[in-house]
Amino acid sequence: MEKFLCDRLLDPTQPISERFRALFSLRNLKGPGPRNALIQATRDSSNLLAHEAAFALGQMQDAEAIPALKAVLNDFSLHPIVRHEAAEALGAIGLESNIPLLKNSLVLDPAQEVRETCELALQRIEELKSGGSDDKASMAEKSPFLSVDPAAPASSYSSIDKLREVLLDEERGMYERYSALFALRNHGGEEAVSAIIDSLGCLCLGSAAK
């Protein structure tokens with residue numbers, strides 16, 4: 001089954017929907033086969049597929065994927081949405097060794113969305129550093145969707161109105177706004193959904209709500 005999924009993901013003659021099904025199935029597997037197939041897919045001619053392959057590598061939190069993700073982030077020939085997702089994946093993996101590259105890209109990358117994602121990834125790694133030995137587990141537990149989020153959901157705001165205010169305030173830091181976003185996602189309900197919809201008009205939050 002693993003080989004079938006790898007072959008299906010990397011076969012450009014397959015419908016994109018089938019390749020995506022293979023991609024997300026591989027995300028749930030471990031080992032060099034799924035990892036290497038996803039790494040290859042980060043160079044796919046479909047920017048959307050390449051973006052999701054980088055996302056999947058981050059969700060797997062496989063440190064063996066770090067060199068490939070760093071190469072994607074540094075390759076300016078790739079679309080910014082692919083490089084942005086490589087930066088997010090490096091933050092999701094959460095190792096301190098990723099900090100120098102992320103700091104460099106935060107300053108020098110020509111794409112705003114990539115720079116902003118590096119900012120998020122750096123703050124996530126800093127939170128992991130200061131959170132103790134159970135940091136990764138505790139951050140994962142905060143997501144009812146079993147996802148590795150680019151920012152821990154806000155815990156200091158109790159009301160949806162306050163979370164909405166933070167999310168839509170473009171004067172606040174990106175990480176704080178993302179924290180409000182994921183708190184709203186976890187809360188659910190019509191008011192939370194409405195607040196997230198309103199954020200779609202914010203230029204700097206366009207790739208936030210996966």
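Let's start with helix H4, and with what is buried in it. Leu49, Ala50, His51, Glu52, Ala53, Ala54, Phe55, Ala56, Leu57, Gly58, Gln59 and Met60 are buried, meaning under 20% relative accessible area with a 1.4 Å probe, protein chains only. Helices here are DSSP runs of H or I, at least four residues, numbered from the N terminus.

A word on the source. This is a predicted model: local features need pLDDT of at least 70, side-chain atom pairs count only at pLDDT 80 or more, and totals for chains, interfaces and linings use all residues. Residues are numbered from 1 along each chain as its sequence is written, and side-chain values use heavy atoms, without hydrogens or water.

Back to H4. Because 12 of its 14 residues are buried, H4 is largely enclosed by the rest of the structure. Its buried residues pack against H1, H2, H3, H5 and H6. Just past the helix, Gln61 has a positive phi of about 55 degrees.

Now the core. A nonpolar core is a set of buried Ala, Val, Leu, Ile, Met, Phe, Trp, Tyr and Cys residues joined through side-chain atoms within 4.5 Å. The largest one has 38 residues, and Leu9, Leu38, Leu69, Leu73 and Leu102 touch the most other members. H4 gives the largest share, 7 residues.

Next, Leu23, in helix H2. What does Leu23 contact, leaving aside neighbours within four places in sequence? Leu9, Leu38, Leu49, Glu52, Ala53 and Ala56, with contact meaning heavy atoms within 4.5 Å. Leu23 counts as buried because its relative accessibility is 0%. Leu9 sits 14 residues away in sequence, yet the C-alpha atoms of Leu23 and Leu9 are 6.0 Å apart.

Note on methods:
Buried means under 20% relative accessible area, exposed over 50%, partly exposed in between (1.4 Å probe, protein chains only). Helices (H or I, at least four residues) and strands (E, at least two) are DSSP runs, numbered from the N terminus.
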